Amino acid sequence: MRRIMITGALGQLGQELTPRLRELYGDEAVLATDIRTDGSRAALGGPFRTLDATEDGAIYEAAAAHRADTIIHLAALLSATAEARPLFAWQLNMGSLLQALEAARALGCGLFCPSSIAAFGPGAPKLGTPQDTLQRPTTMYGVSKAAGELLCDYYAFKYGVDARGLRFPGLVSHTAPPGGGTTDYAVEMYAEAVRAGKYECYLRAGTFLDMMYMPDAVQAIVALMEADAAKLKHRNAFNVTAMSVDPERIAASIRRRIPGFELTYRIDPLRQSIADGWPSALDATAAALEWGFRPAYDLDRMTDEMLERLYEKLG
Ligand code: AKB
């Protein structure tokens, strides 16, 4: 049975992953940590500790006290915020990852750290972006993710740390709002469709990006962490995706349920330029072959569930 420590547990992914891990391994086996101390921690149930993941030795100390065998490192700044504060983004994203890897090395823990479609840059093939291809990202978030992938590989090669990871696309969820990402528009569009019947989008029509519904993302993390190491050729930074969509496609899917939904545009140049440098459709074959990745939700199924849950919450 695993004993897990999570950093950034109050972020968009952590708020759904933590309860799922507690269901699987037991409440007491999962220590949630975050630098924030807001009310959303109550929803996580189970043990919680306030922790700055960049502080020297803080992850090590908490993981040792918890007798963790697995560290799930989610604390990070997302793309748009990182681009606005590049120095801080480097310090947070790389500094905390180094702390997590050092703790994993010293304690003999496995480690999971999410990467992103941002780890590719404009030079990578946009369609069917291969698992192994050119990675020259042009955003600070992308640079920190590509460097993070390499650092995880280094700790695996040099110290035998079982460091695994997924390159996530935009994650869509109804539980917790994302913060500071470029793909956040998708989550906002669903919420505004239910609240107001209209949405003003900051990315242009025709901007195709990979997306995935949160339950598939959570399931993918569990499946990769539980995968037989002997079957993993890549281990770290697997491409995963469930759909390639643009704002018009999501709006059309919403209109099946809310026929009068109105989509208008006011382009944010920063987030548009970030999106323009990212792939449009990843190739997730390696994840499917090496550990059986198979998302359950396509666009319409995700839309139906998002709208149903948001109506219960906001409607
Ligand atoms: C972002 O938009 O920054 C994230 C990501 C794709 O990594 N959702």
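Met5 stands opposite Leu31 in strand S2. That is where I will start in this predicted model. Met5 belongs to strand S1, which covers residues 4-7. Strand S2 covers residues 30-34, and three bridges join S1 to S2, with the two running parallel. To get from S1 to S2, the chain passes through helix H1, residues 14-25, and this β-α-β crossover is right-handed.

S1 has another partner. Four bridges join S1 to strand S4, residues 70-73, and this pair also runs parallel. In that pairing, Ile4 stands opposite Thr70.

What covers the faces of S1, or are they open? Both faces are covered. In a regular strand the side chains alternate between the two faces of the sheet. Here Ile4 and Ile6 lie on one side, Met5 and Thr7 lie on the other, and all of these are buried.

Arg67 is found in the loop between helix H3, residues 58-66, and S4. Arg67 is not a glycine, yet its phi is positive, at about 55 degrees. Is Arg67 buried or exposed? Arg67 counts as exposed, because it has 11 C-beta neighbours inside 10 Å, and the cut-off for exposed is 12 or fewer.

Next, a sheet of three strands. Its order is S6-S9-S13, it is open, and the pairing is parallel. The edge strands are S6, at 115-116, and S13, at 238-239, each of which pairs on one side only. Strand S9, residues 166-168, pairs with S13 in the parallel sense over two bridges. Within that pair, Leu166 stands opposite Phe238.

Ala237 is found in the loop between helix H8 and S13. Ala237 has a positive phi, near 60 degrees, in a residue other than glycine. Ala237 counts as buried because 26 other C-beta atoms lie within 10 Å, where the cut-off for buried is 20 or more.

There is another open sheet of three strands, in the order S10-S12-S14, and its pairing is mixed. Its edge strands are S10, at 170-172, and S14, at 243-245, and each pairs on one side only. From one strand to the next, the twist averages 45 degrees. S12, residues 209-213, is joined to S14 by three bridges, and these two run antiparallel. Asp210 stands opposite Ser244 in S14. Helix H8, residues 214-226, lies across S10 and S12, and runs at about 80 degrees to S12.

Now the ligand. Which residues are around the ligand? They are Leu78, Ser79, Ser116, Ile117, Ala118, Tyr141, Phe168, Pro169, Gly170, Gly181, Thr182 and Thr183. The shell divides into six nonpolar residues, six polar residues and no charged ones. Some of these positions fall in strands already mentioned: Ser116 in S6, Phe168 in S9, and Gly170 in S10.

Last, a residue further along the chain. Arg309 is found in helix H12, residues 299-314. How far apart are the C-alpha atoms of Arg309 and Ser173? They are separated by 9.8 Å, although the two residues are 136 residues apart along the chain. Arg309 counts as partly exposed because it has 16 C-beta neighbours inside 10 Å, which falls between the cut-offs of 12 or fewer for exposed and 20 or more for buried.

Definitions and conventions: Residues are numbered from 1 along each chain as its sequence is written. This is a predicted model: local features need pLDDT of at least 70, side-chain atom pairs count only at pLDDT 80 or more; totals for chains, interfaces and linings use all residues. Two strands pair if DSSP finds at least two bridges between them. Axes are lines fitted to C-alpha atoms, for helices over the stretch in contact, and angles run from 0 to 180 degrees between N-to-C directions. Two residues are in contact if their C-beta atoms, placed from the backbone, lie within 7 Å. A residue is near a molecule or strand if its C-beta atom, placed from the backbone, lies within 6 Å of it. Ala, Val, Leu, Ile, Met, Phe, Trp, Tyr, Cys and Pro count as nonpolar, Asp, Glu, Lys and Arg as charged, and the others, Gly among them, as polar. A crossover is right-handed if, with the strands pointing away from the viewer, the path from the first strand over the helix to the second runs clockwise.
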